[in-house]
Amino acid sequence: MGRSLADLASLATDPELDPFERMCHAATLTNRAHAATADLARTCAARGEQTLEDLGNVLAMSAEDVGRLVSREHIHRGGAPAH
């Protein structure tokens with residue numbers, strides 16, 4: 001599976017590593033964290049306990065951007081499925 005997010009964070013900030021190596025670890029960390037965030041947002045949207053606006057406030061995104069992130073079939077906006 002690869003390194004954990006904690007391991008990647010440690011490597012990305014390790015002053016003993018070459019800056020390019022640290023950048024590569026930071027990019028991997030960012031990509032994996034983004035994927036994990038999107039998965040969690042999909043779960044929240046599917047449960048319907050948070051609105052697009054709620055999720056957007058946490059993610060610093062517009063409700064429309066959140067909709068694109070989690071894909072419309074998972075989203076409930078104000079208790080009603082999004083179209």
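Asp-39 has a relative accessibility of 45% and therefore counts as partly exposed; buried means under 20% relative accessible area, exposed over 50%, and partly exposed in between (1.4 Å probe, protein chains only). The model is predicted, so that local features need pLDDT of at least 70 and side-chain atom pairs count only at pLDDT 80 or more, while totals for chains, interfaces and linings use all residues. Residues are numbered from 1 along each chain as its sequence is written, and side-chain values use heavy atoms, with hydrogens and water left out.

Asp-39 takes part in a salt bridge with Arg-42, in which the closest N and O atoms are 2.9 Å apart. A salt bridge is taken as a side-chain nitrogen of Lys or Arg within 4 Å of a carboxyl oxygen of Asp or Glu. Both Asp-39 and Arg-42 belong to helix α2 (residues 19–47), where three residues, about one turn of the helix, separate them. Helices (H or I, at least four residues) are DSSP runs, numbered from the N terminus. Arg-42 is partly exposed because its relative accessibility is 27%.

By the salt-bridge rule, the count comes to three. One of them joins the side chains of Arg-47 and Glu-49, at 2.7 Å from N to O; Arg-47 and Glu-49 are both exposed. Another links Asp-65 with Arg-68, the closest N and O atoms lying 2.1 Å apart. Asp-65 and Arg-68 are in helix α4 (residues 63–70), three residues apart, about one turn of the helix. Asp-65 is partly exposed, since its relative accessible area is 30%, whereas Arg-68 counts as exposed because its relative accessibility is 57%.

Helix α2 also contains Arg-32. With a relative accessibility of 25%, Arg-32 counts as partly exposed. A polar atom of the Arg-32 side chain lies 2.4 Å from the backbone oxygen of Arg-3. The C-alpha atoms of Arg-32 and Ser-4 are separated by 9.4 Å, with the two residues 28 apart along the chain.

In helix α3 (residues 52–59), the buried residues are Leu-52, Leu-55 and Gly-56. These residues lie on the same side of α3 because they cover an arc of only 100° around the axis, the arc being that of the directions from the helix axis to the C-beta atoms. Asn-57 and Val-58 are exposed and are carried on the face of α3 turned away from its buried side. After α3 comes Ala-60, which has a positive phi, near 55°.

Conventions. Helix = DSSP H or I, 4+ residues; strand = E, 2+ residues; numbered from the N terminus. Polar contact = N/O pair within 3.5 Å; in protein donor to acceptor, adjacent residues only side chain to side chain.
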